[in-house]
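Dear colleague,

Please find below the structure that I am handing over to you, followed by a summary of what was found in it.

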Amino acid sequence: MAFRKTNPPWTWFVPLLAWLVMAAAIMLPGAFMTSFAAIGLVGSVIAAVHHAEVVAYRVGEPFGTLVLAVAVTVIEVALIVSVMLSGGAGKEALPRDTVFAAIMICCNGIVGLCLLMGGMRHHEQGFQIQGASAALAVLCALSVLSMVLPSYAITVPGPGLSNSQLVFAGIVSLVLYLVFVFVQTIRHRDYFLAESDDEEGHAVPPSGRNALASLGLLIAALIAVVGLAKILSPVVEEGVDRMGAPAAVVGIVIAMLVLLPEGFAALRNARANRLQNSLNLALGSALASIGLTIPTVAIVSMLIGQPIHLGLQPKEIVLLALTLIVGVITLGTGRTTVLQGVVHLAIFAAFLFFAVVP
């Protein structure tokens, strides 16, 4: 039976209410409004996932997952830049820590949960190995050139880069990401499409008017997610201080909140036996995080004269290398089970544990 993906009334009201809660929390800070901010965050995530699905039904894959991944990343980059422009000490490592946390969350947390839940529900799932291999190849190059090589460059002491090196890193990151998007959406789009998708085959695409409305509401919901996550950050910081955990844990928690829409959407696809879409979301988000963040912060760093530290510490380099190696192995056969999911989740647990207990 055919059906049409539409926008029920709650998908319009929730982003609007989230914006009202965000404004009220800014003007009237306090524990009471913080509770409403948390509720608004959850509602915005659910609304964002719905509108992303409507857009995806209209434009088709992999454009649908690309819209969600890029939209979240652009808003996250804007948040990073706003913090950099605010000045103050201790901001040098913010872009690096944010990008690294996004990679670990996407490639281990989201991928691990998708493989585990999909494997438990469907026993074994398949995907296009050509698409996964292409994404992993670009991810390896981007992450090593942008966050490992700076730790070994000697022009500038420490994990920083000179202006010429920043320009090189920014150009390489942007070029690699844009070429990947070209391959994903035009040149070899079939590499990123599910081999069979019965549910979408019975779906009637939404009207252009509905799709445009969903696109606008998606952006509004994502802005609300980032804004409400920022409002909740003092509560997170207070909790981290009480635990005696390092300050970097705050960035990880905020990154997890910001990536909730992508994570939720990826899990829904995995449960519906659309693992290809889940991988498009997870790996695409990791690639967008590097490919869009590094060029932007490089430009901002040179314009305002604020140095940035892109090079990872030895512990993070080990975790990144393990993530990339395991990713190539687990996604190298085109078939996955719960075992691969557990392996990725174990790496993600190690990332979280050693962030709290360095």
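**Findings**

Leaving out residues up to four places away in sequence, Ala 169 touches Leu 161 and Ile 294, a contact being heavy atoms within 4.5 Å. Please note that this is a predicted model, in which local features need pLDDT of at least 70 and side-chain atom pairs count only at pLDDT 80 or more, while totals for chains, interfaces and linings use all residues. Residues are numbered from 1 along each chain as its sequence is written, and side-chain values use heavy atoms, with hydrogens and water left out.

Ala 169 is placed in helix H6; helices (H or I, at least four residues) and strands (E, at least two) are DSSP runs numbered from the N terminus. Ala 169 counts as buried because its relative accessibility is 8%, where buried means under 20% relative accessible area, exposed over 50%, and partly exposed in between (1.4 Å probe, protein chains only). Its C-alpha atom is separated by 6.0 Å from that of Ser 146, 23 residues apart along the chain.

Val 181 also lies in helix H6, and its relative accessibility of 17% is why Val 181 counts as buried. Apart from neighbours within four places in sequence, Val 181 is in contact with Leu 66 and Ile 186. Between the C-alpha atoms of Val 181 and Leu 139, 42 residues apart along the chain, the separation is 13 Å.

Ile 171, which is found in helix H6, belongs to a nonpolar surface patch together with Leu 85, Val 167, Val 175, Val 179, Ile 299, Met 302, Leu 303 and Ile 304. Together these residues have about 810 Å² of accessible area (Shrake-Rupley method, 1.4 Å probe; for residues, only the protein chains shown count as cover). Patches are made of residues with over 30% relative accessible area and no salt bridge, with like charges joined within 9 Å and nonpolar side chains (Val, Leu, Ile, Met, Phe, Trp, Tyr) within 5 Å. A salt bridge is a side-chain nitrogen of Lys or Arg within 4 Å of a carboxyl oxygen of Asp or Glu. Helix H6 (163-187) and helix H11 (275-304) each supply at least two residues of the patch.

As for the protein chain overall, its secondary structure comes to 13 helices and four strands. Buried residues make up 51% of its 358 residues. The accessible surface comes to about 15800 Å², and 72% of that belongs to carbon and sulfur atoms.

With kind regards
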